[in-house]
Amino acid sequence: MAISLEERGVPTVAVHTNVFARLAKATALAAGMPRARQAFLPQPVVGVSPGELRNYIHGNDKVSGRPFVQEVIEGLTRPLDEEDLKGATFERSTPRLLEPDTEENLHELFIRNRWTDMLPVVLPTQERVERMLKGTSHAADKIVGKLRPTAFREFWEFDVEKVAVNAVMAGARPEYFPVILAMAASGQTARSSSTNSFATISIVNGPIRNEIGMDSGIGVMGPYNHANATIGRAYGLLSQNLQGGSVPGESYMGTLGNWYAYTACLPEAEERSPWEPFHVQHGFKPTDSTVSIFFGGWYTHAGQGPRETWQSLLIRTLVATDHYLPPFLVMDPVAARDFEKLGFSKQALIDWCAQNAKLPARDYWDNQWIQTLMHPLAVAGVEPYASKLKATPEELVTLFQPEDINIIVAGGETQGFWKIFGGRYGGRGPGAPATTTGKAAPATLSVDAWR
Amino acid sequence: MSQRIVVHDPRGYPPKVTGKRLAPRLTSLDGKVVYLVDCQFDNSDAFMEQMRQWFAEHLPNVETRIIETRESWVDDPEMRAKVEADGDAAILGVGL
């Protein structure tokens, strides 16, 4: 926004906290305005009293060490010099092939350049990439899409061959490649730079699951199936490399990080589920093969049942979630069938969850991300947030809309277990990265389109 | 001696960067309208209020106006148009 204002003739200073200094400067450079005026406060601003904020203003800029207000005032009034007027026009390129070197040195180079997830990778030799490309009918130079780590960053573009390179690095086999291409084409990064430490969780549906040997049974979310593990890993690696990086302090700001970012991909146990498959719910035929992407991966809660007190357990669990990010349930077929015996269709169970997960309005609005992202919508009259804002502090308000909640069925039937993850179907939601079109990322993607 | 091999570069294709010029600076803020743009990050409203008070106490000849973006972290062309039409300068915060 600051750069847009400058372009339209409004002198502007953007104020950030010091931990974002490298990110803010890199963003200004990539926007062609490396000398955009910036001033830096101490971290944090969130949760700090007005008196402390005042002290920040009277203190020094945390990057330059000069008085903060001097940075701000001079940022608006100091005459521009030659460098300011030039801006920065430059072309960058990435080569197709790297300089020849030993395997040992190349592994070191990939780690040093942060092209890996810090676990060993398979080096993408020309022969291996050629083999991977045989997993699709599409030309190596066909453009697949664009990715970026967050809404304010630049998009990087990539073709089929570049996706193949990352699929090789993840250890994937050519038969998995159409699933990986569909993920790459989604426009949704698996390496969001958000301070919230997002990850993605991907669900594969349709015949492709069995064709490539994915396993929806025992240990479905663990390190036990080659396709499950390497497809999820490939999505992470391709996201970080094809979007131009995921480097802490520069293009990654997740304060805690996220273990789901290593790999998180599972097939639905369609044949053992009492309910219709997830992709069929979303308009695909049972014979279509798809991958669906959930953006989140913050919390994980778990339980068994339904047992005698299942209502209480489910309500307590849903209320304990961070309610900015809606719940996404993965239910073992044993638990799913038991809910069905109680008379629940999948939609009926979703509706029950939406109706019964409630908190006092005070608690609801005290959530940092609800306050940051939903409160402006409430003020603008957008429902259901506007009604929740009108509630008295003690009044119970629902946490989720039925359309926010999703259920899939997977697991080995060794017990009636379920897990609840924070995961927004379709990615975007307030604050999450937009796609190249500025719209929400498509949530369920055709794998068949990439065969 | 280990054999040397050739491998692919795993990175995507970055866009061309086109240089943009900064807006001409003001000779002074005296008598000018400075918009304090609250980007709606949690507590940025409190920060902008403190900025407004600082200007009122230390540079009373500067007129400050607090304005909010429509949503947090979402570009707001309407807000930008208002700042451009009615303001002489802007301070944005806190966040990108």
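Two strands pair if DSSP finds at least two bridges between them. Helices (H or I, at least four residues) and strands (E, at least two) are DSSP runs, numbered from the N terminus. We're working with a predicted model, where local features need pLDDT of at least 70, side-chain atom pairs count only at pLDDT 80 or more, and totals for chains, interfaces and linings use all residues. Residues are numbered from 1 along each chain as its sequence is written, while chains are lettered from A and ligands numbered from 1 in the order in which they are written.

**Exercise 1.** Work out in which sense strand β3 of chain A and β1(B) pair.

*Solution.* Start with the strand in chain A: β3 covers residues 101-102. Its pairing with β1(B) is antiparallel and runs over two bridges. Now pick one residue: Thr102(A) has Arg4(B) as its bridge partner.

**Exercise 2.** Describe the fold order and extent of chain B.

*Solution.* Chain B has two helices and four strands, and along the sequence they read β-β-α-β-α-β. For extent, the C-alpha atoms fill a box of roughly 75 × 30 × 30 Å along the principal axes.

**Exercise 3.** Find how α8(A) and α9(A) each cross α11(A).

*Solution.* Take α8 (residues 160-170) of chain A: its axis comes within 8 Å of that of α11 (residues 226-242) of chain A, and they cross at roughly 130°. That makes α8(A) oblique to α11(A). The crossing is right-handed. The residues of this contact divide into eight nonpolar, three polar and two charged.

Then take α9 (residues 177-184) of chain A, which packs on α11(A) at about 40° with the axes 10 Å apart. The crossing of α9(A) and α11(A) is right-handed. Here Val179(A), Ile180(A), Met183(A) and Ala184(A) meet residues of α11(A) including Ile231(A) and Tyr235(A).

Definitions and conventions:
Axes fitted to C-alpha atoms, helices over the stretch in contact; angles between N-to-C directions. Parallel < 35°, antiparallel > 145°, perpendicular 65-115°, else oblique. Left-handed = near helix turned anticlockwise from the far one by under 90°. Nonpolar A, V, L, I, M, F, W, Y, C, P; charged D, E, K, R; others polar. Contact = placed C-beta atoms within 7 Å.
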